[in-house]
Amino acid sequence: MNKKTKKILHLGQLIGGLEIYLRNTIIYSSKDFEFVIVKGDADSTIPIIKDGKAVKEYKVNLYRRLHPVNDIKCIFQVLRIIKTEKPDIIHCHSSKGGLIGRIVGFISGTKTLYTPHAFSYLSTQNKIVRKIYFLIEKYLKLNSFLLACSESERQLGITKIKYKKEKALVWSNSVPNINNAGIKDFPSLKDEKYISYIGRPSFQKNTFFLTDVVKGVVEKIPNFKIILLGVGFHSPDLKKLKELIILNNLQKNLILIDWLSHEDALSIIKNSHFYLSVSRYEGLPLAVVEAMSLGKPLVLSKVSGNIDCVDDNKNGYLIDLEKDLFAAKVIQLWDDSQRIKIFGDNSREKFLNQFNIKNQIKLLDDVYNC
């Protein structure tokens, strides 16, 4: 008897890291699954090809901000798609996709997996909005299972959102093994010495704090340079960041790069001295995992998601969000070629053991099959 193919319906805004997550997991998953993607009608992405065919996609009224009229319309749109497609599992992603997915999963009686990619309440410093997001996460779990993208996100789900342990699962974000030799040099940076960070100017990526760190480093290393990638797409703090760069005379030290192709971004990371992140929170950052695949030392803030990637003082540093501590570690590592080599080799080894999707995808397949 032929084994029945399970149908997985992915729901979320295909922007940035989520597009990479879906593309990788769908392509590398077992042939025992059929996939359908439901995304926002403003999302523009290249179709995902699996086994020679484009994965079926639907567009709905799925937008970032809470909006009762649009959100109710989106719920009905997704319910119609579920009625048509009859998925075995809804796998919903991020704050809005997660909210809509949990609701439609409950209404339709469909098994629902929710991957926050960092819980929504972490995304704002406004206390009232933060409280609203927290209550939505906590009291609208409905019948969903948490499928965290890191162990630290799973622990937040259990301790803060109060998922029962048996309903709190984890599959750590993983990426393909990146072949250094296959990545071309980024022409304008080929002979430069710099470090890199992918982080759109925003509250999460903490880019105002970054200017303070860079200012502290430049006092000791005047020719220090960091390349900030991912600028330009939903970057609410971009204008102020540019003003701070000029105010602190950091135009030659903190270089902003607009949104690039994935290949160009990897090219810049490949040739960077090491990888830095000062983010306030993460789910499990794909950019960091890709930097590990490329054998880069890591200098990361000691926050959820990041802490899953670094064995402190082995493949990098985990640092509290204090500008002087960050600056001191960057200065320490900048000219320490021996330590950079050791940290880089350890990053590469940790990637191969824990985050290589070719080896890890079976664990996600097992979750879908439970």
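Since the structure is a prediction, local features need pLDDT of at least 70 and side-chain atom pairs count only at pLDDT 80 or more, while totals for chains, interfaces and linings use all residues. Numbering starts from 1 along each chain as its sequence is written, and side-chain values use heavy atoms, with hydrogens and water left out.

Salt bridges come up first. Taking a salt bridge as a side-chain nitrogen of Lys or Arg within 4 Å of a carboxyl oxygen of Asp or Glu, a search of the whole structure turns up 15 of them. One of these joins the side chains of Glu19 and Arg23, at 2.9 Å from N to O. Both residues sit in helix H1 (residues 17-28), and because they are 4 residues apart there, about one helical turn separates them. Helices here are DSSP runs of H or I with at least four residues, strands are runs of E with at least two, and both are numbered from the N terminus. Arg23 is partly exposed, at 21% relative accessible area; the cut-offs are under 20% for buried, over 50% for exposed, and partly exposed in between, with a 1.4 Å probe and protein chains only.

Helix H5 (residues 151-159) has a bridge of its own, with the side chains of Arg154 and Glu151 meeting at 3.3 Å, N to O. Arg154 and Glu151 are 3 residues apart in H5, which means about one helical turn lies between them. Arg154 counts as buried at 17% relative accessibility, whereas Glu151, at 32%, is partly exposed. Elsewhere, salt bridges that share partners tie Lys7, Glu34, Lys56 and Glu85 into one network. Back in H5, the buried residues are Ser152, Glu153, Arg154, Leu156, Gly157 and Ile158. They pack against strand E8 (145-148) and strand E9 (168-170), where contact means heavy atoms within 4.5 Å.

The bridge between Arg102 and Glu137 has its side chains meeting at 3.8 Å, N to O. This pair links distant parts of the chain, with Arg102 in helix H3 (residues 95-108) and Glu137 in helix H4, 35 residues apart. Arg102 is buried, with a relative accessible area of 1%, and Glu137 is buried too, at 2%.

On the surface, two patches show up. Patches are built from residues with over 30% relative accessible area and no salt bridge, joining like charges within 9 Å and nonpolar side chains (Val, Leu, Ile, Met, Phe, Trp, Tyr) within 5 Å. Areas come from the Shrake-Rupley method with a 1.4 Å probe, and for residues only the protein chains shown count as cover. Glu219, Asp320, Glu322 and Asp324 gather in a patch of negative charge. Asp324 belongs to helix H10 (residues 323-334) and is exposed at 61% relative accessible area. The other patch is nonpolar, covers about 290 Å² and is made by Leu66, Ile128 and Ile132. Leu66 sits in the loop between strand E5 (56-60) and helix H2 (68-85) and is partly exposed at 41%.

Ala118 has a phi of about 95 degrees and is found in the loop between strand E7 (111-115) and helix H4 (127-139), but counts as buried at 11%.

Finally, two residues illustrate contacts across the chain. Ile226, in strand E11 (residues 226-231), is buried at 0%. Leaving out residues up to four places away in sequence, Ile226 touches several others, including Ile195, Tyr197, Leu254 and Leu276. Arg339, in helix H11 (residues 337-354), is partly exposed at 27%.

Definitions and conventions. Lys and Arg count as positive and Asp and Glu as negative; His and the chain ends are not counted. The place of a charge is taken as NZ of Lys, CZ of Arg, CG of Asp or CD of Glu.
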